[in-house]
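Dear colleague,

I am handing over the structure below, and my notes on two of its sites follow. Please read them with the structure open beside you.

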Amino acid sequence: MAKVPKYVYFFGSGKAEGKAEMKNLLGGKGANLAEMVNIGLPVPPGFTITTEVCTAYYQNKQKYPKSLQKEVLTALAKVEKAMGAKLGDAKNPLLVSIRSGARASMPGMMDTILNLGLNDKTVAGLIAKTKNERFVYDSYRRFVQMYGDVVLGLKPVNKDDIDPFEEIIEAKKHQKNIKLDTELTAEDLKELVVKFKAAIKEKTGHDFPEDPLEQMWGAIGAVFGSWMNDRAIAYRKMYDIPESWGTAVNVQTMVFGNMGEDSGTGVAFTRDAATGENYFYGEYLMNAQGEDVVAGTRTPLPILKLKEQDAKLYEQLDKIRRTLEKHYHDMMDVEFTIQQGKLFMLQCRVGKRTAFAAIKIAVDMVVEKLISEKEALMRIEPDQLNQLLRPIFDLKEKEAAVKSGRLLAKGLNAGPGAATGRLVFNAVDAEAWKNRGEKVILTRIETSPEDIKGMDASEGILTARGGMTSHAALVARQMGKVCVAGCDELNIDYAKHTMAVKGKVLKEGDWISLDGSTGQVLEGKIQTKPSEVLQVLVEKTLDPKDAPVYRTFEKVMVWADKYRTLNIRTNADQPDQAANAIAFGAEGIGLCRTEHMFFGEGKIGPMREMILADTVEQRRVALAKLLPLQRVDFAGIFEAMNGKPVTIRTIDPPLHEFVPHEEKEQRALAQSMGISYEKVKERVEGLHEFNPMLGLRGCRLGIIFPEITEMQARAIFEAAADTQKKGIAVAPEVMIPLVGNVKELQHQEKLVRATAEAVMQEKGVKFKYMVGTMIEIPRGAITADEIATVAEFFSFGTNDLTQTTLGVSRDDAAKFLVPYVAKEIYAKDPFEVLDRGGVGKVMQIAVEKGRATRPGIKLGICGEHGGEPSSIEFCHIIGLNYVSCSPFRVPIARLAAARAALLNPTAPAKNAGKKAKTSRKK
Ligand code: PEP
Ligand code: MG
């Protein structure tokens with residue numbers, strides 16, 4: 001008989017059945033509670049019901065495994081023994097919390113129930129024990145309120161509705177003419193409990209359960225149920241968390257932060273989660289429960305203040321902070337409660353952080369010898385680097401705005417960066433406005449997990465309440481959004497869709513700007529400008545010594561270069577793009593699309609003449625005009641690249657892309673060329689191709705019109721010769737697009753080599769060059785062994801290779817790809833993330849066959865996938881020599897390549913080329 005799995009793990013009394021490594025089974029929270037117990041930290045006893053129960057629950061029509069009940073009751077008995085109290089005991093009642101805890105943290109997405117175990121009987125016992133009637137009734141009303149909401153489903157119906165329990169509280173406060181919840185007496189709270197229970201019965205038809213065991217199973221069921229609520233599902237989609245993981249449920253002894261002024265609760269990070277600075281960063285509130293800090297209903301105090309209030313407690317907490325960092329080698333996020341002067345740890349997990357903080361913490365921890373360089377690289381998601389390249393406000397413009405009285409308010413700098421957009425007051429509107437192309441700033445009194453999609457749709461988030469660890473702040477930082485929180489000068493009216501501040505009333509649609517680094521909220525639009533990294537690298541207006549963020553970024557790049565084996569090139573058609581890419585660390589150009597150059601100054605005219613020419617002679621006349629212009633373009637690129645390899649692709653798109661389609665423009669062209677309008681119209685129609693454009697394009701153009709290839713090759717080689725004569729090294733690589741048959745390549749290669757020989761003779765210089773091809777149609781890949789007899793390099797054009805392998809037009813795919821991804825037919829948009837199972841297989845065939853014929857063949861990728869981390873990893877695995885991506889993605893590709901090398905130490909495959917010497921490999 002198969003062994004029945006263990007479903008429940010106890011922790012407490014200095015020993016736990018679980019540990020940190022058991023995160024998959026116990027969820028993050030459960031595993032870390034166990035770990036904290038094991039390293040001697042004060043944790044209230046409890047038990048964890050495993051994620052396997054959640055999975056079984058959903059697989060088995062929402063029924064629990066048979067053995068669960070017994071295991072739960074046994075674990076509960078252990079907790080009761082450890083605490084010397086019993087669930088439901090009228091004299092000495094045990095109270096517990098029931099919380100979710102998935103493998104990956106999903107802040108606020110699932111449900112929690114506190115103070116469970118209270119009923120009309122146990123209330124009396126607790127009052128006798130604590131001698132604090134007001135506290136007990138406050139706990140009771142909180143419990144009934146939470147239970148009513150989470151388990152029994154009494155919630156607001158519409159987005160503008162007030163919470164039904166809050167409505168009852170407000171009515172009571174109004175009746176008594178008081179403002180704060182704390183002014184309610186024990187008697188008032190007792191009355192609220194009765195009213196809450198009546199409201200539950202009236203509106204849901206359910207009685208509030210008095211039996212603590214029934215309460216417990218109801219709460220456990222609700223927490224498992226919350227794994228499938230809308231916001232949890234949306235969150236999982238956003239962060240790629242599989243549904244099959246399930247959540248664990250933690251049942252833990254309650255400790256109270258609201259037992260008086262010697263009690264309190266707090267949330268803290270072992271370092272600053274926004275900037276990464278190494279100091280104790282967090283907030284606490286005395287005489288409060290955990291949800292008060294996180295929900296942002298009261299603005300808490302910075303943790304450093306606790307030092308003044310209670311030095312001993314602060315010292316104990318600070319010691320725990322150091323113990324945790326030493327133990328976990330990471331920045332941790334902790335929740336704690338002080339009950340009548342005694343400290344308890346309720347949670348610890350690896351802390352979420354901004355990209356700034358992720359990078360700074362990783363780098364600092366290497367310096368502090370807490371982690372290795374390799375670990376640091378694995379802690380920074382390549383796309384996080386994007387945030388370092390994000391715009392900041394133009395300081396002068398911002399100062400001017402402040403001087404002219406446009407500073408509306410200052411809140412907490414919860415998510416750095418600059419954002420400007422139009423005011424919206426709820427998440428649904430934020431999404432709708434975004435969908436019609438507007439930039440929005442979501443402004444709320446406080447956010448809740450329901451707002452997650454609206455937050456994602458916004459440029460920035462502004463809240464009137466809540467601290468640095470409030471929901472808005474946490475989620476915004478994780479999303480990389482600009483956020484100003486706790487801006488209590490704002491008077492937000494949801495019903496009217498207005499915000500009053502400093503005597504002004506702003507309404508929905510008005511522009512505002514947020515500086516998430518300083519917490520300033522400004523009226524109107526403010527120009528943004530490039531980040532520190534860009535100012536140092538691209539604009540060269542900032543000295544690295546005045547740019548600490550840049551210096552940290554640079555360290556990461558140096559380490560990435562040390563461990564990556566892939567070379568990183570860039571796709572660039574202009575000298576300034578090439579220069580930017582070099583500043584970002586590009587080691588060559590992997591794709592210069594020459595056709596982009598034809599749209600430059602003075603070129604489109606002769607280009608059109610060339611296209612509309614009737615005879616070879618006429619075409620040659622037009623090409624002669626283009627030659628010197630192209631030569632200048634290539635010389636500019638060679639100079640900018642200063643000896644680094646430059647892959648230049650001969651003309652690729654169908655010619656209709658270069659001719660005018662509007663009658664007015666066609667008439668003007670006819671006139672300038674001295675031909676009839678009808679003729680121009682007829683030729684343009686003749687050139688037309690439907691999507692996907694797979695007609696007269698790619699190498700087919702150069703075969704049908706060899707003089708075009710000749711002109712382009714001549715321009716490339718003349719520019720190479722001239723540049724070399726100036727003492728600047730050149731390394732041109734001529735690339736023929738859309739080859740599917742070796743004969744196509746042979747034809748073009750012959751032309752290119754003949755032109756190179758001629759130019760060398762004419763100019764009296766010798767230069768090195770290569771001829772290669774793009775692999776972007778399946779026949780090219782399948783016959784790569786033949787193609788490699790001619791090609792000295794392959795560059796995978798995965799935009800077209802995806803189009804041709806999948807039979808999906810790259811220009812028309814958007815219409816159905818979104819639903820396709822939603823239906824999980826494709827895990828990701830295959831034009832964004834390389835389809836390893838299809839396109840990837842085709843690439844592997846080409847790699848094997850190409851290397852079989854020509855072992856030293858140089859292999860790269862220049863489709864958009866060359867800048868996407870997962871695709872870069874695949875390129876590493878199959879042993880390409882380089883990836884090529886847009887200039888601004890070069891830093892991302894450098895880091896992604898390093899991570900790919902660290903994650904796949906046995907790849908790349910045998911014959912992969914060596915990294916160029918520009919890299920800093922040890
Ligand atoms: C490709 O097809 O991947 C490619 C780089 O070429 P283009 O996008 O210009 O077709
Ligand atoms: Mg292509």
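The shell around ligand 1 divides into six charged, four polar and three nonpolar residues (Ala, Val, Leu, Ile, Met, Phe, Trp, Tyr, Cys and Pro count as nonpolar, Asp, Glu, Lys and Arg as charged, and the others, Gly among them, as polar). This is a predicted model, in which local features need pLDDT of at least 70 and side-chain atom pairs count only at pLDDT 80 or more, while totals for chains, interfaces and linings use all residues. Residues are numbered from 1 along each chain as written, chains are lettered from A and ligands numbered from 1 in the order in which they are written, and side-chain values use heavy atoms, with hydrogens and water left out.

The shell holds 13 residues, with Arg-593, Gly-797, Asn-799, Asp-800 and Arg-810 the closest (a residue counts if one of its heavy atoms lies within 4 Å of the ligand).

Oxygen atoms of ligand 1 figure in each of the following pairs: a backbone N or O atom of Asn-799 lies 2.7 Å from one, a polar backbone atom of Asp-800 is 2.9 Å from one, and a polar side-chain atom of Glu-776 lies 2.9 Å from one. Taken alone, ligand 1 exposes 290 Å², of which the protein buries 95% (areas come from the Shrake-Rupley method with a 1.4 Å probe).

Terms used: A polar contact is a pair of N or O atoms within 3.5 Å; within protein, one must be able to donate a hydrogen and the other to accept it, and residues adjacent in sequence count only if both atoms are side-chain atoms.
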